[in-house]
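This briefing covers pockets, salt bridges and selected residues of one protein model. Please look over the sequence and the fold before reading on.

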Amino acid sequence: MRVIIEENYESMSKRAASLISAQILLKPNSVLGLATGSTPLRMYKELINMYKVGAVDFSEIITFNLDEYVGLPMEEINSYKHYMYDNFFRHININSDNINIPDGMAPDIEKECSEYEAKIHARGGIDFQVLGIGNNGHIGFNEPDLKFKAATHLVELDEETISANSRFFNTIEDVPKQAVSMGIRAIMGAKKILLLASGKCKAEVVRKALYEGITPEVPASILQLHPDVTVIIDRDAAACIGAGNINMINI
Ligand code: GLP
């Protein structure tokens with residue numbers, strides 16, 4: 001695991017975007033696993049800017065989003081489908097047939113989960129997976145649990161997640177209680193993983209996930225077992241990591 005500490009959110013985002021563009025340069029038809037939330041927003045902006053100046057071409061990439069709320073249609077601004085089109089897809093030359101996002105409106109969610117899993121498998125798995133981290137250590141919507149959930153699954157969202165994500169909604173009651181999430185198998189099966197975290201509020205969970213025991217109660221801790229993880233965090237998110245633990249500092 002390489003841990004890169006950037007000065008701030010902006011430089012973290014630039015570094016992340018450059019890793020993704022390098023991946024696409026090396027493999028134009030890369031299968032990218034994509035994340036939502038506030039953390040990757042600036043990274044998407046950087047990628048759009050790179051696309052506009054001709055530095056990156058998305059025409060052949062295939063994407064799989066990590067997760068989606070259950071019961072929010074695309075028109076709803078808090079649906080992750082809306083987020084992805086608004087913040088990324090409609091600004092780049094991606095082929096819409098290559099975009100995959102779990103359908104939280106599917107009449108049969110179990111079926112949707114197994115079909116999503118099969119689609120990832122049919123594409124040969126993820127080449128490059130982008131992750132954020134929840135305050136409770138979740139990745140995608142893999143919530144703290146007694147066991148890691150391998151496959152794409154229906155999630156009952158944690159109180160903590162509902163409360164954290166309520167900042168995007170009018171009231172906390174508007175936050176969906178369920179979501180569909182890619183499971184740990186597809187995430188850990190990715191050839192490369194990029195984990196991003198920014199801000200003081202993530203400092204403690206970043207320390208726990210990267211430097212404490214591997215446990216399904218902190219789902220991101222499983223990343224310690226992956227052979228090719230790059231963690232890019234800003235100084236605030238690195239605040240709880242002891243100097244002896246850092247294998248690479250970027251000042
Ligand atoms: C959300 C998403 C995650 C995201 C996380 C952190 O609930 N499901 O994929 O990584 O929470 O979000 P943020 O980046 O806004 O802190």
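Which residues of α7 are buried? They are Ala203, Val205, Val206, Ala209 and Leu210, where buried means under 20% relative accessible area, exposed means over 50% and partly exposed lies in between (1.4 Å probe, protein chains only). The model is predicted: local features need pLDDT of at least 70, side-chain atom pairs count only at pLDDT 80 or more, and totals for chains, interfaces and linings use all residues. Residues are numbered from 1 along each chain as its sequence is written, and side-chain values use heavy atoms, with hydrogens and water left out.

**Helix α7**

- Helices (H or I, at least four residues) and strands (E, at least two) are DSSP runs, numbered from the N terminus.
- The buried residues of α7 pack against β1 (2–6), β9 (192–197) and β10 (229–234), with contact meaning heavy atoms within 4.5 Å.

**Salt bridges**

- Side chains of opposite charge can pair when their charged atoms come close.
- A salt bridge is counted when a side-chain nitrogen of Lys or Arg lies within 4 Å of a carboxyl oxygen of Asp or Glu, and the count comes to 15 salt bridges.
- In arginine 207 and glutamate 204, the closest N and O atoms of the salt bridge are 2.7 Å apart.
- Arginine 207 and glutamate 204 are separated by about one helical turn, because they are three residues apart in helix α7 (residues 203–211).
- Arginine 207 counts as partly exposed because its relative accessibility is 21%, and glutamate 204 counts as partly exposed at 36%.
- Elsewhere, salt bridges that share partners join Glu10, Lys14, Arg42 and Glu46 into one network.
- Glutamate 115 pairs with lysine 111 in a salt bridge whose closest N and O atoms are 3.4 Å apart.
- Both glutamate 115 and lysine 111 belong to helix α4 (residues 109–122), where they are four residues apart, about one turn of the helix.
- Glutamate 115 is partly exposed at 37% relative accessibility, and lysine 111 is partly exposed with a relative accessible area of 48%.
- Lysine 149 forms a salt bridge with aspartate 145, with 2.8 Å between the closest N and O atoms.
- Lysine 149 is partly exposed at 38% relative accessibility, and aspartate 145 is partly exposed at 28%.

**Pockets**

- On a 1 Å grid over the protein atoms alone, a pocket is an open set of points where a 1.4 Å probe fits, with protein on both sides within 12 Å along at least five of seven lines; lining residues have an atom within 4 Å of a point.
- The largest pocket has a volume of about 650 Å³, a volume being the space filled by probe spheres set on grid points that are joined across faces, edges and corners.
- Its lining holds 38 residues, and those closest to the centre of the largest pocket are Thr36, Gly37, Ser38, Arg167 and Phe168.
- The elements that give two or more residues to this lining are β4 (67–69), α3 (80–87) and α5 (159–165), and α3 gives the most, with five residues.
- The second largest pocket has a volume of about 160 Å³.
- Of the 15 residues lining the second largest pocket, Glu68, Lys81, Ile101, Pro102 and Asp103 lie nearest its centre.
- At least two lining residues of the second largest pocket come from each of α3 and β5 (99–100).

**Individual residues**

- Serine 13 is in helix α1 (residues 9–26) and counts as buried at 0% relative accessibility.
- Leaving out residues up to four places away in sequence, serine 13 touches Arg42, Met43 and Glu46.
- Threonine 63, in strand β3 (residues 62–65), is buried with a relative accessible area of 0%.
- With residues up to four places away in sequence again left out, threonine 63 touches Leu32, Leu34, Phe89, Ile94, Asn98, Ile99 and Asn100.
- Glutamate 76 is in the loop between β4 and α3 and is partly exposed, with a relative accessible area of 28%.
- Glutamate 76 lies 32 Å from alanine 55, C-alpha to C-alpha, and the two are 21 residues apart in sequence.
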